[in-house]
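Please keep the sequence and the structure in view while reading.

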Amino acid sequence: MLANRVRTITDGQVELDPAAMDGPVAGAVVDGRAFYHAIDERSLGPALRWAGAQRADRLTVIGDPAAAGHLARRASLLTTPIDVWEAEGVAVTPATPEPARTPPALPEQHLAYRAVIAEAGARPIDDHGMLIAEVAGLEVARVVDANEVPARPDGAARARLDVGVGQADRELQQYIHGHLDDDTNLRRAIAAVVRNRNPAAAAHPLSRLARQRWLRSVLLDDPSPIGTGGLTPVVPLRPRDTLLGTEPAAAAGDGVIVICSVGVDLDLLPEAADYRDRENPDAELVVVVPERDRPMIEGSALQAVPALRVTSIELPWEPPAPDPHG
C-alpha cells in the first residue's frame with residue numbers, strides 16, 4: 001500500500017523496493033527522501049525522529065483522512081519543511097491543515113461539583129469536557145452523568161461523583177464505599193493520595209502515575225521556578241484514556257504556554273506547538289521536563305519550534321538533595 005501511494009505522490013518517479021520497508025517503521029527512504037506512514041495525529045514527532053536517524057533530506061508524511069488534516073496543521077507550526085498527504089485507499093492528495101478542535105464545554109450539571117472538589121482539598125480540572133478532581137496531578141475522582149438516577153423535577157440531567165484512581169478503582173470504591181456521601185468518600189481518597197504521593201513517602205504505585213500532571217500541579221501552585229506569573233490549567237487537546245500515557249499536561253499564563261512532560265514522548269514538541277497554536281499563537285512556549293530528559297529534547301530532530309524554551313524544575317517525587325554544607 002505504501003509503495004502505491006509513494007508512486008502516486010511522485011508521479012511514478014520513485015519506486016520502493018519492498019526490502020526498503022523491512023523493519024518496525026512503516027516508511028522508506030529513497031535518494032534522501034523519506035516517506036512515513038502515520039498511524040494517527042501524534043505521529044509527526046516519531047516521523048521526524050525516524051527521518052533524522054535515516055539522514056533523510058526531505059520528509060513526506062502520509063496519513064488517513066482522520067489524521068492528515070491535523071498532521072498538516074502541526075507540520076505548519078514547525079520550521080522543518082514537511083509534506084503531508086492524505087490517503088484513502090490508493091488515492092492520495094495533499095492534506096489541507098485543519099483548525100484545532102474546540103474543547104467541549106463542561107456539562108452544566110457538573111459545574112456544582114467544582115466547590116465540592118475544592119472544599120475537600122483537591123483541584124477541579126476540566127479534562128476535555130469532564131470535570132475531575134486532582135491531587136498532586138493525580139485524578140482521584142470524576143463527575144459523570146448519572147443516567148440511572150431520575151431527572152430532577154425541572155427536567156435537568158443528574159450527575160454523580162465517582163471516586164477512585166482509574167476505572168477499576170472507581171468501580172471498587174463504588175462497591176465498597178457507595179454508602180458514603182460524596183464529601184466523605186472524596187476526602188478518604190485525597191488522604192490516601194497525599195499520604196503516598198510525596199517525596200518523603202516510600203515507593204508506591206500512586207507516585208508513579210501521571211507525573212507530567214504532577215509537574216504541572218507544582219507549577220500551578222508556584223510558577224516562580226520557571227520565571228513566570230500565575231498559571232491556569234489548559235484543557236487537553238483530546239480525551240485522555242489512560243493514567244499511564246505520555247501525553248503532556250499544559251497550563252497558560254500571561255503571554256506563556258507551559259507544557260509539562262516526563263519520560264519519552266516522541267511527539268512532545270509538535271504537541272506543544274499545537275497547544276500554543278490553539279491557546280495563544282503569540283505566546284512564549286516553555287517545555288518543562290526532568291533534567292535527565294533535556295538532552296533528548298534539545299538535541300533531537302524535533303527541535304524545530306520557534307520561541308521555545310526548555311527548562312527543568314525540582315522533581316516533586318524525589319527527595320531534595322542533601323545539603324553538602326549541612
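Glutamate 41 has a relative accessible area of 11% and is therefore buried; buried means under 20% relative accessible area, exposed over 50%, and partly exposed in between (1.4 Å probe, protein chains only). The model is predicted, so local features need pLDDT of at least 70 and side-chain atom pairs count only at pLDDT 80 or more, while totals for chains, interfaces and linings use all residues. Residues are numbered from 1 along each chain as its sequence is written, and side-chain values use heavy atoms, with hydrogens and water left out.

Glutamate 41 forms a salt bridge with the side chain of arginine 101 at 2.7 Å, N to O. A salt bridge here is a side-chain nitrogen of Lys or Arg within 4 Å of a carboxyl oxygen of Asp or Glu. The pair links distant parts of the chain, 60 residues apart: arginine 101 lies in the loop between β5 (91-94) and α4 (113-120), and glutamate 41 in the loop between β2 and α2. Helices (H or I, at least four residues) and strands (E, at least two) are DSSP runs, numbered from the N terminus. Arginine 101, at 36% relative accessibility, counts as partly exposed.

The structure has 25 salt bridges by this rule. Another joins glutamate 279 and arginine 278 at 2.7 Å, N to O; glutamate 279 is partly exposed at 35% relative accessibility, whereas arginine 278 is buried at 17%. Salt bridges that share partners also build one network, whose members include Glu41, Arg73, Arg74 and Arg101.

Arg73 and Arg74 are also among the buried residues of helix α3. Of the 12 residues of α3, 9 are buried, so the helix is largely enclosed by the rest of the structure. These buried residues pack against α2, β3 (58-63), β4 (82-88) and α8 (268-279), where contact means heavy atoms within 4.5 Å.

Rings of Phe, Tyr and Trp (its six-membered ring) pair if their centres lie within 6.5 Å; planes under 30 degrees apart count as stacked, over 60 as edge-to-face and the rest as tilted. Tyrosine 36 and tryptophan 50 form a tilted pair, 5.6 Å centre to centre with 55° between the planes. This pair links strand β2 (residues 33-37), which holds tyrosine 36, with helix α2 (residues 44-53), which holds tryptophan 50. Both tyrosine 36 and tryptophan 50 are buried.
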